[in-house]
2 protein chains.
Amino acid sequence: MHVDTKQKILDTAERLFGEQGYDATSLRQIIAAANVNLAAVHYHFGSKEELLDQLVMRRVGPVNEARLAALDRIDADTVGKRPGVEKVMEAFLSPVSQIAIAHPTFVRLMGRLHAEGLMPGIRERHFQGVAERFLATLRRALPELPEDELLWRVHFMIGAMAHALCGMPIFPGVSAASADFPARLRRLVAFVSAGFRAPVVPIGDKS
Amino acid sequence: MHVDTKQKILDTAERLFGEQGYDATSLRQIIAAANVNLAAVHYHFGSKEELLDQLVMRRVGPVNEARLAALDRIDADTVGKRPGVEKVMEAFLSPVSQIAIAHPTFVRLMGRLHAEGLMPGIRERHFQGVAERFLATLRRALPELPEDELLWRVHFMIGAMAHALCGMPIFPGVSAASADFPARLRRLVAFVSAGFRAPVVPIGDKS
DNA sequence: GTCTATACTGAGATAGAC
DNA sequence: GTCTATCTCAGTATAGAC
């Protein structure tokens, strides 16, 4: 069954990358668990990094489509008025929560990838476009917020999202509820929405 | 000069780890830049991971001491009343901003390490204690916040901090202001303080 | 077109001479 | 304390069997 080989590699790599991290997982470990040959990886993918890239693309496509659809819907529903910040956050974060339920192992990987310095190209290739689209609607929700402040807050939000998705057991109580992604999403949306609405502190002032 | 060897390794590793990441930096690269022998690393540190550990300890000690002192000061100043959330956030985040000015390359590394699935032991060894202490004062600032909600929000806050410290150029405008750590701190404190004060969404409800 | 076998370079780690 | 030599395992590249 040579048609299965590529899929087996993708599935196994997704699981092991998510469990152990990208660098910590060797190709030899993957091919042993998938029962395929080492060179098959390089035949189908060319390199370890390209394997990761195709693996991300496979799941991130639907997520970004859902994001764009939700953002379009918000814009259509709010012509002439401001969208709610919570709605915009949900449009961006909810699709992640959706695949988290179907593919929790992938979301752990994505959390790692978002956070790790890592794979400079992946973010650019898979997230830059939807990020720009997200910013456009977010500006409509927060028109009085200076642009640099807005960008920094998006930066903070993405950090919080990445960290939350990893499900890292920093505190016992946090890891316990790890499986409940919808609850995590609601908590996260509430937190970052309030953050986005925070009063702007003049950057020249002392605290 | 054999006394300098250990210091040279530490300084060079700190720089290269911060610039390229931990996994991406090889010991051979470090020893070449520091003009020492490969085996000297294993003589002085035992392993690459232990080198990282000692490197973190060297800088994180003063940071945690400053955090604890600031938290003690808050508690002493607010007996019988609630501390301000901003003050508590500043107590935790400001010391990081302080060493960021003196050692910007180390802060990049710490940001990476916070975020990377990272060295499971490092967080436990260097941050667990001060985190518990921080939680104690934070609970006094937000006594009505349920414990699980509080822990999740701390989780979000740490994610935002880690991401912000890395100074990753997600957007052009964000990376431009990267050098100005005090401004970054003020923005971050305002964002997460508002997040902590957000109304609690019942976890059983639909949005 | 797919996959296997095998070899190459560079990584971290270790033993033992000096 | 320091350095040379060597070990194992990583990612990668290629030649050739089906």
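A:Thr78 touches A:Pro83 and A:Arg140, leaving aside residues up to four places away in sequence; contact here means heavy atoms within 4.5 Å. This is a predicted model, where local features need pLDDT of at least 70, side-chain atom pairs count only at pLDDT 80 or more, and totals for chains, interfaces and linings use all residues. Residues are numbered from 1 along each chain as its sequence is written, chains are lettered from A and ligands numbered from 1 in the order in which they are written, and side-chain values use heavy atoms, with hydrogens and water left out.

Where does A:Thr78 sit? Its place is the loop between helix 4 (48-77) and helix 5 (85-102) of chain A. Helices are DSSP runs (H or I, at least four residues), numbered from the N terminus. A:Thr78 counts as buried because its relative accessibility is 11%; buried means under 20% relative accessible area and exposed over 50%, using a 1.4 Å probe and protein chains only.

Axes are lines fitted to C-alpha atoms over the stretch in contact, and angles run from 0 to 180 degrees between N-to-C directions.

| Pair in chain B | Axes come within | Crossing angle |
|---|---|---|
| Helix 4 (residues 48-77) and helix 5 (residues 85-102) | 9 Å | roughly 155 degrees |
| Helix 5 and helix 10 (residues 181-196) | 9 Å | roughly 155 degrees |

Helix 4 of chain B passes helix 5 of chain B in a right-handed crossing, a term for the near helix being turned clockwise from the far one by less than a right angle. On the helix 4 side of chain B, the contact includes B:Val63, B:Ala66 and B:Arg67, while helix 5 of chain B brings, among others, B:Lys87, B:Val88 and B:Phe92. The residues of this contact divide into 11 nonpolar, no polar and two charged. Ala, Val, Leu, Ile, Met, Phe, Trp, Tyr, Cys and Pro count as nonpolar, Asp, Glu, Lys and Arg as charged, and the others, Gly among them, as polar.

Helix 5 of chain B also passes helix 10 of chain B in a right-handed crossing. Among the residues in contact are B:Glu86, B:Met89 and B:Leu93 of helix 5 of chain B, and B:Phe181, B:Leu185 and B:Phe196 of helix 10 of chain B. By class, this contact has 12 nonpolar, three polar and two charged residues.

Finally, helix 2 (residues 27-34) of chain B has B:Leu27, B:Ile30, B:Ile31 and B:Ala34 as its buried residues. The face turned away from the buried side of helix 2 of chain B carries the exposed B:Arg28 and B:Ala32. Just after helix 2 of chain B, B:Asn35 takes a positive phi of about 60 degrees.

Technical notes: Helices (H or I, at least four residues) and strands (E, at least two) are DSSP runs, numbered from the N terminus.
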